[in-house]
Amino acid sequence: MNLSKIALGLAAACLVVGLALTLRSSIAQAGPFFIAFFAALAVAFRGYAHLRGFSYTVMIFAAVTMALYYPGYFVEAGGFQFAVLITPLIQLIMFGMGTSMSVQDFIGVARMPKGVIIGILCQFSIMPFLGFALASVSGFSPEIAAGIILIGCSPSGLASNVMNYLAKANLALSITITAITTLLAPLFTPLLMSLLAGAFIEINILDMMWDIVKMVILPIGAGLLFNKLLRGKAKWLDDAMPLVSMFGIAFIIVIITAAGRDSLLEIGGLLIALVLVHNLAGYTLGYWAGRLFRMNERDCRTIAIEVGMQNGGLASGIAKGMGKIATVGLAPAVFGPLMNITGSILASYWHRRPPAGEYDEMVDTDEAELVQR
């Protein structure tokens, strides 16, 4: 029996025991079994090609469950507050993004201006206003409601590039939109937050702009410079950065979960539902916005994924900069794992349905883009 099957059996056993203890009102004792269930399930998924992409997200669920049951271990240690690590981790992730970028990512604006402009407009209109609508009807406290708007006002992240590749969408367009919206975030995110979230909490536009510049522009600039000077000469860094980014995002989510545990237990179900609606509506409206502007199928898929998948890590860093990680940071922490699940499902669905007559003529270009990164 291989490791994946053993892990799957262990996951099933842990889930049964955890549910049995929960039904007997021994929820505290069920914690270790639920944690073991997610951890074993993540290992099991690695053995199945069609489930491998979910392994990282399931492992995050294991870490989040641990943070919910044992929050004290993820808030501080020996007087050291783990929340101070959020900004450096975001900077490290953005540096990694910069090392994977090149001038070609920005030349894409000239090659496909219509798609890039539509993508940017959709990114900074659909999700922010959806977030405002959902926050307004949520009934949450002002700071938690503002967090829903914050994730909507954030740019797309690197995960959208991976999902677009899997979905057989336009990878070159995806990379360009991600790069441009990320660099525009210091301007648009604070302005949109002031416009839409200003009724919920006080927004200091200049402070937020500077926080985003420190978290995005400076690290990405350093990464671009590193890429230009040492491209191909530091293969260990190229191999390490994706793993560092994955660990960094997971750790940020765990810190926020532990800090906001009480609020999350109180409104967690409704928050998850609203975040899911936000995410799915982003895919839907992004796709049909592309259709409205008569874009081809591949480009419509690209816009859908770029709009629906946000940079939750950056949103978390902004919440930390505001000093409201346990409230404003909750929606971004929930959005991240959920969008990876829905994005993987959507990408898999589209992967099995390549756009007729559009895919073959551009696949070589997409593969070249992926190799360059």
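Here is a walk through this predicted model, from the overall fold down to a few single residues. Local features are taken only where pLDDT is at least 70, side-chain atom pairs count only at pLDDT 80 or more, and totals for chains, interfaces and linings use all residues. Residues are numbered from 1 along each chain as its sequence is written, and side-chain values use heavy atoms, with hydrogens and water left out.

Let's start with the whole chain. It holds 18 helices and two strands, where helices (H or I, at least four residues) and strands (E, at least two) are DSSP runs numbered from the N terminus. The C-alpha trace spans about 60 × 55 × 45 Å along its principal axes. Of the 373 residues, 52% count as buried, meaning under 20% relative accessible area, while exposed is over 50% and partly exposed lies in between (1.4 Å probe, protein chains only). Contacts (heavy atoms within 4.5 Å) tell us about reach along the sequence: among those between residues at least 6 apart, 80% join residues at least 24 apart.

Now for the charged pairs. A salt bridge here is a side-chain nitrogen of Lys or Arg within 4 Å of a carboxyl oxygen of Asp or Glu, and the count comes to five. One of them pairs glutamate 143 with lysine 324, at 3.0 Å from N to O. Glutamate 143 sits in helix H9 (residues 142-153) and lysine 324 in the loop between helix H16 (312-321) and helix H17 (330-351), so this bridge ties together parts 181 residues apart in sequence. Glutamate 143 is partly exposed at 25%, and lysine 324 is partly exposed at 23%.

In helix H12 (residues 205-230), aspartate 211 and lysine 214 are three residues apart, about one turn, and their closest N and O atoms are 3.7 Å apart. Aspartate 211 is buried at 18%, whereas lysine 214 is partly exposed at 30%. In helix H15 (residues 297-308), glutamate 297 and arginine 301 are four residues apart, again about one turn, and they meet at 2.9 Å. Both of these residues are buried, and together with Arg291 they are linked in a network of salt bridges.

Next, look at the second largest pocket, with about 580 Å³ of space. A pocket is an open set of points on a 1 Å grid over the protein atoms alone, where a 1.4 Å probe fits, with protein on both sides within 12 Å along at least five of seven lines. Points are joined across faces, edges and corners, and the volume is the space filled by probe spheres set on them. The lining (residues with an atom within 4 Å of a point) has 21 residues, with Val64, Thr65, Leu68, Leu264 and Ile272 nearest the centre. Helix H14 (261-292) is among the elements giving two or more residues, and H14 gives the most, with six. By class, 16 are nonpolar (Ala, Val, Leu, Ile, Met, Phe, Trp, Tyr, Cys and Pro), four polar (the others, Gly among them) and one charged (Asp, Glu, Lys and Arg).

Finally, two loop residues have positive phi. Serine 25, between helix H1 (3-23) and H2, has phi near 65° and is exposed at 65%. Arginine 294, between H14 and H15, has phi near 55° and is exposed at 75%.
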